[in-house]
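Subject: Handing over a structure

Hello,

Here is the structure I promised to pass on to you. Please open it first, and then read my notes below alongside it.

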Amino acid sequence: MATRVFIIYYSMYGHVEKLAEEIKKGASSVEGVEAKLWQVPETLPEEVLSKMSAPPKSDVPIITPNELAEADGILFGFPTRFGMMAAQFKAFLDATGGLWRAQQLAGKPAGIFYSTGSQGGGQETTPLTAITQLVHHGMIFVPVGYTFGAGMFEMENVKGGSPYGAGTFAGDGSRFPTELELEQAFHQGKYFASIAKKLKGSS
C-alpha cells in the first residue's frame, strides 16, 4: 500500500500554492508515496475577494474535514495574518472536532509551510502558533529542522522559511517564491514523505 501524503493549503494570492506545488513534487519523488494537493474552503464572499484583487482559485479540489483521516501524513500550508494562520485555515481546523473526538488523526505525522508579508511578519510565530492544532489532535510534528543544509544559512539574499518548515515572503503581493525557497519546499516534501513512509512501515 502506498503512503498517502496530503498537502492541504489556503492561498489567497498564490504564494502558498506555489510552495504547495513544489512540496508535492518533493513528496512524489519518494518511491511508494502518493502525494495529493487539496485546498480548504474559502470563507470570504466573492464580492470581498474581488475588492481585495484576489485571483480566481485554481482547480485543486476542496477537502472536507473527514477526508483528513484518509491520509498517512499531512502538510498544512497557509499565509499569516498578524503572526498566526489565516482565518480560512483556522475555520477549517475548527471543523475537525469529530475527528478529534474519535482521535482519528492521532499518531499521524504533520508538517507546516507558510507565507508572510515581510521578514518580521511571522516566519516563526505562524508555524509555532499552528502547532497547538496538531498537539490537540495528537499528531506528530515533523519540522524540516536544518536538514536543508547550506540553504538554511543563506545570508546574501532574502529567504523565507525556518527550521519549522518552508516559507516565502509575499511583500506587496508581487514577490513570488525564489528558486531557493522553492528548493526548500521540494526538500520539505521529500523529507516529510520519507518520514511518513517510515512511520507507516513501522506500524
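Strand 4 (residues 84-85) runs antiparallel to strand 3, and two bridges join them. Pairing of strands here requires that DSSP finds at least two bridges between them. Helices (H or I, at least four residues) and strands (E, at least two) are DSSP runs, numbered from the N terminus.

Before going further, a word on where this comes from. This is a predicted model, in which local features need pLDDT of at least 70 and side-chain atom pairs count only at pLDDT 80 or more, while totals for chains, interfaces and linings use all residues. Residues are numbered from 1 along each chain as its sequence is written, and side-chain values use heavy atoms, with hydrogens and water left out.

Phe 82 is a residue other than glycine, and in general most residues other than glycine have a negative phi. Is Phe 82 buried or exposed? Phe 82 counts as exposed, because its relative accessibility is 88%. For these words, buried means under 20% relative accessible area, exposed means over 50%, and partly exposed is in between (1.4 Å probe, protein chains only).

Gln 103 is another non-glycine residue with a positive phi, of about 55°. You will find Gln 103 in the loop between helix 4 (97-102) and strand 5. With a relative accessibility of 40%, Gln 103 counts as partly exposed.

The whole chain

Now zoom out. Six helices and seven strands make up the elements of the chain, and from the N terminus on they run β-α-β-α-β-β-α-α-β-α-β-β-α. The radius of gyration is 16 Å, close to the 17 Å that the globule rule gives for 203 residues, so the chain is as compact as a globular protein of that length. That radius is taken over C-alpha atoms, and the globule rule is 2.2 Å times the number of residues to the power 0.38. The C-alpha trace spans about 45 × 40 × 30 Å along its principal axes.

Of the 203 residues, 48% count as buried. Contact means heavy atoms within 4.5 Å. Among the contacts with a separation of 6 or more, 75% are between residues 24 or more positions apart.

Strands 3 and 5

Towards strand 5, Leu 75 has Gly 111 as its bridge partner, and Phe 78 has Tyr 114. Strand 3 (residues 73-81) is mostly covered, with eight of its nine residues buried.

Strand 5 is largely enclosed by the rest of the structure, because eight of its eight residues are buried. In a regular strand the side chains alternate between the two faces of the sheet. In strand 5, Pro 109, Gly 111, Phe 113 and Ser 115 point one way, Ala 110, Ile 112, Tyr 114 and Thr 116 point the other way, and all are buried. Strand 5 also pairs in the parallel sense with strand 6 (residues 140-141), over two bridges. There, Pro 109 stands opposite Ile 140 in strand 6.

Gln 188 is found in helix 6 (residues 179-202). Gln 188 is buried, with a relative accessible area of 2%. Leaving aside neighbours within four places in sequence, the contacts of Gln 188 include Leu 75, Ile 112 and Phe 113. Leu 75 is the residue whose bridge partner is Gly 111.

Arg 175 is found in the loop between strand 7 (167-169) and helix 6. How far apart are Arg 175 and His 15 in sequence and in space? They are 160 residues apart in sequence and 8.4 Å apart in space, C-alpha to C-alpha. With neighbours within four places left aside, Arg 175 is in contact with His 15, Val 158, Thr 168, Phe 169, Ala 170 and Glu 181.
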